[in-house]
Amino acid sequence: MGENRVKQGLRKKYYREERLSMELVSKIKEKLKKLYVLNTANNSKVNDNLMKILCDKELLFTAYEKLKGNRGSMTPGTLEETADALDVKRIENISEQLKKGIFKWTDIRRKMIPKPGRKKERPLGIPNFNDRIVQESLRIVLNIIYEPIFQKKEMNHGFRPKRSTLTAVLKLQRESKEMTSALEGDIKGAYDNVNHKKLIKILEKKISDKKFLKLIYQGLKQNILFKGKRKVNLVGTPQGGIVSPILFNIYMHEFDDHITDKLTELADEINTREKRTNTGKLTKEARRYTSRIEKAKKKINSLKTLKKKSEENVNEIKRLTNRMRDSKKQVLKITSMKANSKTIRFAYSRYADDFVIMTNATIIKLEKVKEYVTKWLNDELCLILDQEKTLMIDLNKSKAKYLGFTMFRKKKELLEK
């Protein structure tokens with residue numbers, strides 16, 4: 001009997017704590033919602049007091065709840081700790097350590113895994129579970145701050161909510177009508193060469209909380225343990241790290257933002273210098289000839305319906321037919337003369353470290369874009385564009401590839417998987 005009472009008491013305590021935790025979770029959700037609204041209203045907003053949000057036990061608990069459902073939650077890092085059971089003290093300890101600024105990142109276990117469909121292998125970092133909880137909490141906060149910025153231009157579709165390879169390709173398809181050439185970008189070891197100091201400088205544009213930034217910087221410097229050897233991580237965002245994808249997106253957003261502005265500027269410059277006009281509509285002269293053709297057609301049809309075809313009517317039909325033929329030649333001549341005056345446009349899309357630039361400009365102009373991209377990536381982000389793997393494609397002659405899709409031109413632009 002006494003045992004049953006104890007069980008009932010424990011059950012009541014459990015439900016009371018569960019209800020309280022749900023209420024608190026809703027409070028942290030309200031804080032995050034407010035942060036999102038403020039950053040959506042003002043993309044230039046600089047955020048402070050983020051450590052207060054990060055230390056919140058309910059945010060850490062939410063991060064734990066999400067992680068424990070992951071397939072790799074039971075895979076240990078360099079320590080024998082997994083998500084097998086929730087220890088309340090574990091969350092409280094992490095929260096206290098973050099508040100006091102004494103949280104220590106532990107070594108990351110690295111292993112090599114095969115690339116999908118290839119014989120080559122790629123490195124995968126496996127953080128310890130406590131580190132994963134903090135990383136997931138960081139990811140939540142960073143996503144709240146940066147998603148409104150990513151949404152502004154929608155250039156990047158990797159590792160974002162409701163975005164995928166399909167949304168990346170569909171957007172490119174919509175924006176690349178009548179485009180004749182493509183630049184397939186390939187960055188050498190993009191993740192492994194992210195410059196930590198430059199990344200922090202980029203983060204400082206939106207975040208002024210020094211403790212928050214210090215925690216991220218220390219996380220980037222985590223030691224890598226591979227085959228029993230410890231290596232200091234001087235550059236790069238470890239693949240496998242929960243917060244790595246969004247940090248890489250923030251880093252590459254500098255390129256997204258700059259290159260799209262530069263391509264717009266370049267298109268405007270070419271169009272102004274070469275006096276290019278959009279030939280989607282016929283010119284006044286071409287419209288005059290088109291009108292003449294339509295009138296001739298109507299008159300010919302009218303004359304053909306007459307029962308009696310006099311010699312005069314037959315001659316009139318011949319005259320109108322010749323006039324119609326001459327008018328068609330003039331329209332073709334005008335449109336062909338204007339074909340090289342079409343407005344120059346560019347389209348850009350990125351998914352993770354894969355990007356494509358498409359244009360209706362010549363390959364020679366796109367070559368200059370490639371040179372500019374190569375220099376800018378190297379100077380500003382310390383990234384190297386692989387000159388051999390970065391391809392220039394004439395879509396009239398060859399096919400371009402992007403995220404498993406093939407892009408080419410026939411009578412109409414087609415995009416098929």
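**Helix pair, sheet and hairpin in a predicted model**

The protein has 12 helices and 11 strands, where helices (H or I, at least four residues) and strands (E, at least two) are DSSP runs numbered from the N terminus. This is a predicted model, in which local features need pLDDT of at least 70 and side-chain atom pairs count only at pLDDT 80 or more, while totals for chains, interfaces and linings use all residues. Residues are numbered from 1 along each chain as its sequence is written, and side-chain values use heavy atoms, with hydrogens and water left out.

Of the 417 residues, 41% are buried, meaning under 20% relative accessible area with a 1.4 Å probe and protein chains only; exposed is over 50%, and partly exposed lies in between.

Now the helix pair. Helix H5 (residues 129–153) packs against helix H9 (residues 244–273) at an angle of about 15 degrees, and their axes are 11 Å apart. That makes H5 roughly parallel to H9. Axes here are lines fitted to C-alpha atoms, for helices over the stretch in contact, and angles run from 0 to 180 degrees between N-to-C directions. Angles under 35 degrees count as roughly parallel, over 145 as roughly antiparallel, 65 to 115 as roughly perpendicular and the rest as oblique. On the H5 side, the residues that meet H9 include Arg-139, Tyr-146 and Lys-153; on the H9 side, they include His-253 and Asp-257. Contact means heavy atoms within 4.5 Å.

Next, the sheet. Four strands form an open sheet in the order E6-E7-E3-E8, with antiparallel pairing. Two strands pair if DSSP finds at least two bridges between them. Which strands stand at the edges? They are E6 (346–351) and E8 (391–394); each has a single partner strand, so one side of each is left without a neighbour in the sheet. Strand E3 (residues 181–186) pairs with E8 over four bridges in the antiparallel sense, and Leu-183 has Met-392 in E8 as its bridge partner. Helix H6 (residues 165–175) packs on the sheet, touching E6 and strand E7 (354–359), and its direction makes about 175 degrees with that of E6. Helix H12 (residues 363–381) also packs on the sheet and touches E3, E6, E7 and E8.

Last, the hairpin. Strand E9 (residues 400–402) and E10 run antiparallel, joined by three bridges. Ala-400 stands opposite Met-407 in E10. Two residues lie between the strands, and Leu-403 takes a positive phi near 55 degrees. Four of the five residues of E10 (residues 405–409) are buried, so this strand is largely enclosed by the rest of the structure.
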